[in-house]
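Here is a friendly briefing to read alongside the model. Have the viewer open and follow the topics in turn.

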Amino acid sequence: MTCSARIKRYARSAMLVDSHCHIDFDEYVGRIPQVLEDMARNQVTHALCVCVNFAGFPRVLELAESHSQLFASVGVHPDQIENESPKVNELVERAGHRKIVAIGETGLDYYRQSGDQEWQRARFRTHIRAARECGKPLIIHTREAGDDTLRIMREEGASQIGGVMHCFTETLELARAAMDLNFYISFSGIVTFKNALAIKDVARVVPLEWMLIETDSPYLAPVPHRGKTNQPGWVRHVAEEVARLRGTSLEAVAEATSANFFRLFKPDLSLDNTLYR
């Protein structure tokens, strides 16, 4: 079976994929079996556990190695302390593991940080260069930094490797610019919030072939679970809201976003022994 055929088969059988979660965080200590059970109950067959710093990387990798339905990334989040600045070779070395499918979470966050942000921009460039070197896509976080994010993506040739704009909360114009650079747009539980009218409008317009869905667990629990610790199984509510906004079926959103996930991250499907093969 060709790679393209396997992706289509997985997209049909996978139903739903959480493209971004942090179930290595302390909130899930002792709870992973329950998290996986809830995923299965909601037909969420796979999830990507995203690294935010090198200190947490061993736990992220352990989860991916221990559970065939989980994948992982390696990176240092832009809101981490200034002196934690990885080198290209350090990222590339860690990305060589067969369960690591992406570089990130990386990007720019001017909301949480103040003062001179050149260190943040330099770190972002390092991640893009590592992604290009190892051939794995980028997971990009941007908050109140859209212009600089796009500028650096262009300057560093991020379009050559592509990736995803995770937990998208920006304008439709930025979404279109990102898609032009070969980046998917990922919607989180925010799209279910009553007052998130601008994000709902973006979700109506972004083509399904450029869309991913996520939870960003433990944050941003979707309606009807707002205020609770989020979990990958609840990505179903994100898909349901996107389907409602677009006037289409849950199945259509699920199949498209799952296919996009496998197409973008290219996980080693031979490692997957879930019931959905």
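Gln-43 sits in the loop that links helix 2 to strand 2, where helices (H or I, at least four residues) and strands (E, at least two) are DSSP runs numbered from the N terminus. This is a predicted model, in which local features need pLDDT of at least 70 and side-chain atom pairs count only at pLDDT 80 or more, while totals for chains, interfaces and linings use all residues. Residues are numbered from 1 along each chain as its sequence is written, and side-chain values use heavy atoms, with hydrogens and water left out.

**Backbone points to check**

- Gln-43 is not a glycine, yet it has a positive phi of about 60 degrees.
- With 35% relative accessibility, Gln-43 counts as partly exposed; on this scale buried means under 20% relative accessible area, exposed over 50%, and partly exposed in between (1.4 Å probe, protein chains only).
- Asn-182, also not a glycine, has a positive phi of about 75 degrees.
- Asn-182 belongs to the loop between helix 7 (172–180) and strand 7 (183–187), and at 33% relative accessibility it counts as partly exposed.
- Gly-104 and Glu-105 are joined by a cis peptide bond with an omega of about 25 degrees, and Glu-105 is part of strand 4.
- A cis peptide bond also links Val-223 to Pro-224, with omega about 15 degrees.
- Pro-224 is placed in the loop between strand 8 (211–213) and helix 9 (235–246).

**Helix 2 and its two sides**

- Which residues of helix 2 (residues 32–41) are buried? They are Ile-32, Val-35, Leu-36, Asp-38 and Met-39.
- Looking down the axis of helix 2, you find these buried residues within an arc of 160 degrees, so they line one face of the helix; the arc is that of the directions from the helix axis to the C-beta atoms.
- Pro-33, Glu-37 and Arg-41 are exposed on the other side of helix 2.
- Strand 2 (44–49), helix 3 (57–66) and strand 3 (70–74) are the elements against which the buried residues of helix 2 pack, with contact meaning heavy atoms within 4.5 Å.

**Strand 5 and its partners**

- Five of the six residues of strand 5 (residues 138–143) are buried, so this strand is largely enclosed by the rest of the structure.
- Strand 5 pairs with strand 4 (residues 100–109) in the parallel sense over five bridges; two strands pair if DSSP finds at least two bridges between them.
- Gly-107 has His-141 of strand 5 as its bridge partner.
- A right-handed β-α-β unit is made by strand 4, helix 5 (residues 118–134) and strand 5; a crossover is right-handed if, with the strands pointing away from the viewer, the path from the first strand over the helix to the second runs clockwise.
- Strand 5 and strand 6 (residues 163–165) run parallel and are joined by three bridges, with Ile-139 opposite Val-164 in strand 6.
- From strand 5 the chain crosses through helix 6 (residues 146–155) to strand 6, and this β-α-β crossover is right-handed.

**The largest pocket**

- How many residues line the largest pocket? There are 18, of which Arg-112, His-141, Arg-143, Cys-167 and Asp-216 lie nearest its centre.
- On a 1 Å grid over the protein atoms alone, a pocket is an open set of points where a 1.4 Å probe fits, with protein on both sides within 12 Å along at least five of seven lines, and lining residues have an atom within 4 Å of a point.
- The largest pocket holds about 380 Å³ of space, a volume being the space filled by probe spheres set on the points, which are joined across faces, edges and corners.
- Strand 5 gives the most to the lining of the largest pocket, with three residues.

- Ile-23, in the loop between strand 1 (16–21) and helix 2, counts as buried at 1% relative accessibility.
- Leaving aside neighbours within four places in sequence, Ile-23 is in contact with residues including Ile-32, Val-35, Leu-63 and Pro-232.
- The C-alpha atoms of Ile-23 and Asn-230 are separated by 9.4 Å, although these residues are 207 residues apart along the chain.
- Val-235 lies in helix 9 and is buried, with a relative accessible area of 0%.
- Not counting residues up to four places away in sequence, Val-235 touches several residues, among them Leu-16, Val-44, Ile-213 and Thr-215.
- Val-235 and Thr-45 are 190 residues apart along the chain, and their C-alpha atoms are separated by 11 Å.
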